[in-house]
Amino acid sequence: MDRSQKADSVAFLNGVFNEAGAVVITRNLGMTVAQSTALRTKIREAGATYKVAKNRLAKLAVAGTDYEGLGDFFTGPTAIAASADPVAAAKAVVEFAKTTDKIEIVGGAMGSQVLDAEGVKALASMPSLDELRAKLIGLVQAPATKIAQLATAPAAKLARVFGAYAKEAA
């Protein structure tokens with residue numbers, strides 16, 4: 001890597017750290033190309049990014065961001081998974097780590113809150129942002145639906161009673 005490529009890499013990683021809702025640091029332990037491709041596909045489907053980076057460049061990129069506490073995690077063959085949704089990257093990495101022992105979750109962070117491997121696994125068990133939005137909309141709509149049903153029920157009962165009287169009189 002020449003100097004300009006290193007500067008571009010640091011700028012890209014700095015942008016990733018500035019835009020991320022959560023970052024997960026992994027250690028790759030001899031993954032095959034097929035496993036790496038499967039991991040990248042899974043992460044991309046989750047709406048996250050996955051980048052293998054040189055540790056020195058990653059330490060430079062993380063300086064001055066909310067994720068400065070991650071500097072100690074950059075040792076050995078590391079990679080960075082990041083997403084705007086705080087749960088997406090963690091979920092994808094943890095699900096993939098269950099299928100192989102070739103990837104180790106080192107730690108991660110949500111903003112300035114640094115997480116260890118267990119913290120990342122706990123984060124992955126939380127519902128995603130879209131799931132939370134769906135639950136919230138469901139909770140908001142449920143009372144309105146019940147109120148509408150209660151408001152229309154007496155009128156429907158009256159209509160049935162009048163209908164029965166009309167049939168009886170005829």
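Predicted model: local features only at pLDDT ≥ 70, side-chain atom pairs only at ≥ 80, totals over all residues.
Contact here means heavy atoms within 4.5 Å.

Take α2 and α4 to begin with. On the α2 side, the residues that meet α4 are Gln 35, Ala 38, Leu 39, Lys 42 and Ile 43. On the α4 side, their partners are Ala 92, Val 93, Glu 95 and Phe 96. Two packed helices are described by the angle between their axes and the distance between the axes. For this pair, the axes come within 9 Å and cross at roughly 150°. Angles over 145 degrees count as roughly antiparallel, so α2 is roughly antiparallel to α4. The crossing of α2 past α4 is right-handed. Sorted by class, the residues of this contact split into 6 nonpolar, 1 polar and 2 charged.

Next come α1 and α3. Helix α1 spans residues 3-19 and helix α3 spans residues 55-62, and their axes lie 8 Å apart at an angle of about 50°. That angle makes α1 oblique to α3. Here, too, the crossing is right-handed, with α1 passing α3. From α1, the residues taking part are Lys 6, Ser 9, Val 10, Leu 13, Asn 14 and Phe 17. They meet Leu 57, Ala 58, Leu 60, Ala 61 and Val 62 of α3. The tally for the contact of α1 with α3 is 8 nonpolar, 2 polar and 1 charged residues.

In soluble globular proteins, nonpolar side chains tend to be buried together. In this model, the largest nonpolar core has 23 residues, and Val 24 and Ile 43 have the most contacts inside it. Once its neighbours within four places in sequence are set aside, Ile 43 is in contact with Ala 48, Thr 49, Tyr 50, Ala 81, Ala 92 and Val 93. There is also a second, separate core of 20 residues, and among its members are Val 10, Leu 57, Ala 58 and Tyr 67. Of these, Val 10 in α1 and Leu 57 and Ala 58 in α3 also take part in the meeting of those two helices.

A few single residues round out the picture. Met 110 sits in strand β4. It counts as partly exposed because its relative accessibility is 34%, which falls between the limits of 20% for buried and 50% for exposed. Neighbours within four places aside, Met 110 is in contact with Gly 21, Ala 22, Tyr 67, Pro 86, Leu 115 and Leu 123. Between the C-alpha atoms of Met 110 and Ala 164, which are 54 residues apart along the chain, the separation is 65 Å.

Gly 69 belongs to the loop between α3 and β3, and with a relative accessible area of 39% it is partly exposed. Its C-alpha atom is 9.5 Å from that of Gly 111, although the two are 42 residues apart along the chain.

Finally, Phe 162 is part of helix α6 (residues 129-169). With a relative accessible area of 57%, Phe 162 is exposed. Along the chain, Phe 162 and Glu 131 are 31 residues apart, and their C-alpha atoms are separated by 46 Å.

Conventions
Residues numbered from 1 in each chain as written. Heavy atoms only, no water. Axes fitted to C-alpha atoms, helices over the stretch in contact; angles between N-to-C directions. Helix = DSSP H or I, 4+ residues; strand = E, 2+ residues; numbered from the N terminus. Parallel < 35°, antiparallel > 145°, perpendicular 65-115°, else oblique. Left-handed = near helix turned anticlockwise from the far one by under 90°. Nonpolar A, V, L, I, M, F, W, Y, C, P; charged D, E, K, R; others polar. Core = buried A, V, L, I, M, F, W, Y, C linked by side-chain atoms within 4.5 Å. Buried < 20%, exposed > 50% of the residue type's maximum accessible area, 1.4 Å probe, protein only.
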